[in-house]
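User: Could you walk me through reading a few features of this structure?

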Amino acid sequence: FFTNSTSSHSTKHTNSCWHTASATAAAATAGQCPGLERLKSSVVAAAAQAAAAVAADDPEAAPSPATSTRNIASSSSSNSNRGTSSTDSPRRRLRRSSSSTSPASSTSSSSSIEADSAIQQQQQQQQWQQPDSELGKYSYRMVISYDGTAYSGWQLQLQAPTVQAQVERALSTALRQSRRALSVCAAGRTDAGVHARGQVVQFFTNSTSIDPHKLPYKLNSLLPHDIRVQWVCQTAPDFNVTVSALCKTYHYHLDSGSCHDPLRVRYSYHCRRQLDLTAMQAAAALLVGTHDFTQFSNVANERVKRNPVKTIERFDVVVDGPAAVRLEVQGTGFLYKQVRHMSGALIAIGEGRLGLQDIVRRLEIGDTEPPGAGGLWRGHNVAPAKGLLLHEVQYPPSADDPTGLLYPSLPHDDYGRLLARIPGASSVDE
């Protein structure tokens with residue numbers, strides 16, 4: 001029957017009937033239920049019903065009731081003799097029928113599979129193209145500062161305090177919007193213990209009565225003392241807080257005094273050895289430009305592998321006081337813990353534990369070997385998180401124009417929200 005059937009609807013309906021009839025006949029033949037004669041009559045009736053259903057959809061594909069009854073009886077008998085459950089028989093019958101399928105039927109089946117695959121791909125594409133039905137209609141961004149000491153980073157976690165959780169709670173309370181409507185996202189996914197002075201956070205809302213001048217005061221009254229909103233503004237409808245960024249600037253603070261300044265202990269790393277600032281500046285100059293920074297990163301546990309080639313636009317070593325040094329690095333994007341690895345390498349060079357040739361060598365290795373050149377010690381320690389600060393994220397001026405579009409060539413919905421991915425979009429950076 002499976003070999004001769006050409007109608008998908010008929011096949012599904014008849015398959016169910018055959019399966020029910022076969023299971024019933026198998027149980028009767030094995031002597032598992034009383035009333036054998038009554039059960040056999042039911043089997044014949046089920047077979048006739050199945051044949052009538054097929055004939056109604058496709059008369060040529062319908063077998064005769066007598067043939068159907070014989071097929072069911074022989075199938076149930078073989079199942080009973082083998083001592084297996086009747087649920088195995090449809091799979092075996094399908095394998096037998098597939099071996100005897102005609103070329104025309106195989107071509108039709110292949111075309112049907114290809115068509116179904118194309119439909120599934122189209123449906124999946126439409127799923128990510130269409131915005132969430134609960135997503136707010138209007139896009140806003142705000143600049144926030146926070147002391148990351150008490151938090152396990154920016155990103156939301158179920159059993160750990162995070163900056164995102166506090167920001168979402170405050171926004172939900174102030175705007176009376178759900179988390180899905182707000183869809184809060186940050187420009188940089190700062191790690192546990194990392195601080196921020198210019199973190200940019202995007203959120204959506206359906207409210208048309210937001211006062212950007214009053215909202216920061218309302219949010220700050222709801223936020224803990226170590227998180228503060230500096231300002232809020234409405235953005236272009238298709239603004240994306242991560243992809244629309246032109247560059248990010250990080251600062252890493254060092255304390256080079258004889259002892260760690262207690263007033264800076266939460267925000268700087270203490271170097272116990274004297275630092276050679278000239279050698280550190282020379283090493284920083286080697287890192288400027290477009291390179292493969294695999295050896296200056298950690299392997300993040302992500303589904304999508306990031307592009308390890310990043311561009312560092314500026315890397316300066318700045319004297320920030322009698323015993324204070326600030327490393328300033330600006331780039332278009334960063335790998336996981338890349339800034340902390342580069343800072344740790346510069347500290348090792350300043351202390352004389354590494355040379356400039358080590359920086360050149362690691363840039364040459366790139367991604368030809370795993371980070372750490374095959375698991376070996378890199379000669380430097382990853383700089384602690386407490387010294388790192390997300391200083392600034394820069395955007396084009398048109399990002400804050402709610403009447404314009406940043407990507408006019410891409411499809412948008414009625415509210416200006418994007419319906420397609422932005423070319424060159426990547427995952428959230430550190």
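**Contacts, burial and strand pairing**

Analyst: Let's start with H195. Contact means heavy atoms within 4.5 Å. Leaving aside neighbours within four places in sequence, H195 is in contact with Y146, D147, G148, T149, R266, Y267, K386, L388, L389 and L390. Keep in mind that this is a predicted model, where local features need pLDDT of at least 70, side-chain atom pairs count only at pLDDT 80 or more, and totals for chains, interfaces and linings use all residues. Residues are numbered from 1 along each chain as its sequence is written, and side-chain values use heavy atoms, with hydrogens and water left out.

User: Is H195 buried or exposed?

Analyst: Buried means under 20% relative accessible area, exposed over 50%, and partly exposed in between (1.4 Å probe, protein chains only). H195 has a relative accessible area of 4%, so H195 is buried. By contrast, L356 comes out at 35%, which means partly exposed.

User: Where does H195 sit?

Analyst: Strands are DSSP runs of E, at least two residues, numbered from the N terminus. H195 is in strand 3 (residues 195–205).

User: How many bridges join strand 1 to strand 3?

Analyst: Two strands pair if DSSP finds at least two bridges between them. Strands 1 and 3 run antiparallel and are joined by eight bridges; M142 has V201 in strand 3 as its bridge partner. Strand 1 is also antiparallel to strand 4 (residues 227–234), with seven bridges, and Y146 stands opposite I227 there.

User: Why is strand 1 described as largely enclosed?

Analyst: Because eight of the nine residues of strand 1 (residues 138–146) are buried, the rest of the structure largely encloses that strand.

Terms used. Helices (H or I, at least four residues) and strands (E, at least two) are DSSP runs, numbered from the N terminus.
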